[in-house]
Amino acid sequence: MSLFDWFANRRKSGSLSKERQEREIADGLWSKCPACGVLTYTKDLRTNQMVCPDCGHHLRIFADQRVQQLIDPGTWRPLDEDLCPVDPLKFRDRKAYQDRLRETQDKTGLRDAVQTGLGQLDRLPLGLGVMDFRFMGGSMGSVVGEKLTRLIERATRERLPVVIVCASGGARMQEGMLSLMQMAKISAALERHREAGLLYVPVLTHPTTGGVTASFAMLGDIIVAEPKATIGFAGRRVVEQTLREKLPDDFQTSEYLLTHGFVDTIVPRTQLKQTLAQLIRLHQPYPPSPAQASQFVHVPDHLPESLSVNSVRAD
Amino acid sequence: MTLSDRKPILLDFEKPLVELDSRIAQIRELAEENDVDVSDQIQQLEARATQLRQEIFSSLTPSQRLQVARHPRRPSTLDYIQAISDEWIELHGDRSTGIDDLALVGGIARLDGRPVVMLGHQKGRDTKDNVRRNFGMASPGGYRKAMRLMNHANRFSMPIITFIDTPGAYAGVEAERLGQGEAIAYNLREMFRLEVPILCTVIGEGGSGGALGIGVGDRLMMFEHSVYTVASPEACAAILWKDASKAPQAAEALKITAADLKALGILDQILPEPIGGAHADPLKAAETLKQALLENLAELTRLSRSQLKELRYQKFRSIGMFTQLSA
Ligand SMILES: [Zn+2]
């Protein structure tokens with residue numbers, strides 16, 4: 001029985017009373033797909049990495065879930081968790097930035113919009129950054145810029161590939177020009193990583209727009225996208241206003257970018273880990289060193305201390 | 001530069017000046033008709049006008065500055081290039097998209113005897129020209145042309161001088177289809193690879209990623225009344241205030257003026273403008289620009305290629321403000 005059949009059976013068998021169903025949605029036992037409306041047992045949805053088993057819609061997931069999906073258990077070593085945003089401009093719109101930050105931090109338990117760390121993906125050591133859309137729309141301010149730059153610099157020193165999972169509305173306006181300059185800062189670090197002959201793969205998820213698109217999202221050696229993600233530089237509404245006409249439905253989607261040559265491949269979330277592992281393995285030196293030959297696992301000459309416990313050594 | 005010969009275009013905060021100027025003219029006329037000597041009086045009034053002009057322009061609010069930065073008579077990239085270089089040849093095309101983007105111009109010039117590559121956003125000098133030049137909003141082809149010219153400079157060891165003056169990168173279907181994000185991103189990374197001095201100057205409006213796409217350099221300078229923004233105050237007001245009419249508040253909050261950006265450690269140098277703004281005396285503004293470019297170039301020329309790259313990296317590496325909690 002395929003996983004899909006299994007899900008289908010499971011849904012059929014659960015012919016619940018409407019009342020009970022509503023209660024259980026509220027309790028989080030069942031989840032409703034925002035695309036097709038079908039109810040799925042939340043546990044099953046999680047097992048399927050928050051991809052609707054019925055229509056294939058990729059529900060939004062958060063940074064910690066993404067790390068769990070991509071990184072081998074017990075190998076994740078987060079970096080720079082103690083970096084916190086400040087309010088350099090004393091910015092206030094309808095609400096003070098400082099209050100907005102505090103509220104978002106309390107609500108999400110996050111300090112800012114990106115998590116970074118070192119870990120293993122299918123036994124391959126790498127640097128991973130994951131943006132979290134929950135935190136002010138994944139907007140990029142000083143902390144996002146600094147954490148990603150440190151991640152890339154660390155990966156360059158330790159000769160590791162880098163994967164960054166993007167989800168962002170763009171630069172964080174509340175930090176003004178400091179935010180814009182993070183685009184250049186991260187790009188600078190990527191230039192050095194590239195110069196060192198190392199692989200960088202951004203994964204574009206819904207939505208990836210603005211300053212993130214105009215910097216590290218588009219600088220991959222290979223660019224991977226999740227299905228039907230919105231990816232673009234200018235916001236759709238801005239483009240519509242510029243043109244004063246309706247745009248085609250697939251405008252600024254992963255599929256649109258693939259057609260126009262700006263994305264290498266669209267990979268469903270359920271296959272993302274194995275695809276990334278394949279890409280990283282394809283970029284390991286050939287012929288492989290004796291250590292790699294036995295396992296096809298990349299073991300750098302000097303393992304970072306934090307990884308040595310869990311890494312695979314062929315001896 | 002014939003811009004200053006034309007009838008002036010007045011900004012609303014310049015009105016007191018106009019009133020004073022017309023009073024001076026009136027008195028002159030009356031004096032002539034009645035054959036009286038009023039030269040003392042006129043001299044006094046003119047001195048007051050100068051003082052008033054100075055006062056107004058030294059205390060502009062951010063949104064007033066934005067008006068000066070967007071002034072239709074403000075000297076453009078090509079105006080400055082022609083004013084400061086000994087010779088100049090414009091070069092066209094990015095060799096890939098199939099359209100030459102007129103919103104971003106570039107070529108090779110000789111600056112005080114030295115061959116350099118100059119490029120920048122180009123706004124139109126009138127309505128018709130503005131349409132042709134898309135109001136200085138460059139398309140992917142423009143950013144790729146800039147990159148092609150910068151690579152050329154790198155190959156022939158010519159310094160790169162860029163002029164920033166754009167409301168932002170063009171937000172159109174065609175621009176998106178041709179990879180506006182990718183074009184800018186590519187420049188951001190590649191400008192860190194180049195081994196020749198890069199000098200960037202915001203001459204008018206520095207609009208977001210569209211400005212930064214030619215804005216990665218060893219020195220960032222801004223004319224006194226120029227602005228540089230993460231998002232246009234209009235867009236910012238529409239998004240954060242949900243009210244586009246709050247643009248002046250947004251302009252204030254975003255810290256877009258040269259003085260603010262100097263304080264934030266983003267800007268290296270502020271270029272003073274003639275009283276009344278660069279459009280009041282374009283040649284004087286051009287002279288200021290030329291001197292600043294030559295001075296900075298002299299400093300950067302003393303550095304080795306690797307020093308240049310390292311310092312450029314460190315310059316951007318240090319931008320950002322955050323705290324690090326002790327665990
Ligand atoms: Zn669905």
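**View 1. Strand β4(B) pairs in the parallel sense with strand β5 (residues 198–207) of chain B.** The pairing of β4(B) with β5(B) runs over six bridges, and two strands count as paired if DSSP finds at least two bridges between them. Strands (E, at least two residues) and helices (H or I, at least four) are DSSP runs, numbered from the N terminus. In β5(B), Leu199(B) is the bridge partner of Ile161(B). Strand β3 (residues 114–121) of chain B also pairs with β4(B) in the parallel sense, over four bridges; here Met118(B) stands opposite Ile161(B).

The model shown in these views is predicted: local features need pLDDT of at least 70, side-chain atom pairs count only at pLDDT 80 or more, and totals for chains, interfaces and linings use all residues. Residues are numbered from 1 along each chain as its sequence is written, while chains are lettered from A and ligands numbered from 1 in the order in which they are written.

**View 2. Strand β4 (residues 160–166) of chain B is largely enclosed by the rest of the structure, because seven of its seven residues are buried.** A residue is buried if 20 or more other C-beta atoms lie within 10 Å of its own, exposed if 12 or fewer, and partly exposed in between, with C-beta atoms placed from the backbone. Both faces of β4(B) are covered. Ile160(B), Thr162(B), Ile164(B) and Thr166(B) are buried on one side, and Ile161(B), Phe163(B) and Asp165(B) on the other.

**View 3. Ala292(B) lies in helix α13 (residues 282–301) of chain B.** Ala292(B) is buried, with 20 other C-beta atoms within 10 Å. Leaving aside neighbours within four places in sequence, Ala292(B) is in contact with Met221(B), Gln269(B) and Leu271(B); residues are in contact if their C-beta atoms, placed from the backbone, lie within 7 Å. Leu271(B) is 21 residues from Ala292(B) in sequence and 7.8 Å from it in space, C-alpha to C-alpha.

**View 4. The buried residues of helix α14(B) line one face of the helix, because they fall within an arc of 125° seen down its axis.** The arc is that of the directions from the helix axis to the C-beta atoms. These buried residues are Lys309(B), Arg312(B), Lys315(B) and Phe316(B), and what covers them includes α7 of chain A. On the other side of α14(B), Ser306(B), Gln307(B), Leu311(B) and Gln314(B) are exposed.

**View 5. Chain A and chain B meet in a contact that takes 48 residues from chain A and 43 residues from chain B.** On the side of chain A that touches chain B, β4 (83–85), α6 (142–157), α7 (176–195), α8 (210–213) and α9 (236–243) each supply at least two residues. The most comes from α7(A), with 14 residues. β4(A) and strand β9 (residues 322–324) of chain B pair in the antiparallel sense over three bridges, and Pro85(A) stands opposite Phe322(B) in β9(B).

**View 6. Chain B is divided into domain 1 (11–59) and domain 2 (66–317).** The domain bounds come from an automatic or database domain assignment. The C-alpha centres of the two domains of chain B lie 37 Å apart. Four residues of domain 1 of chain B are in contact with five residues of domain 2 of chain B.

Definitions and conventions:
Two residues are in contact if their C-beta atoms, placed from the backbone, lie within 7 Å.
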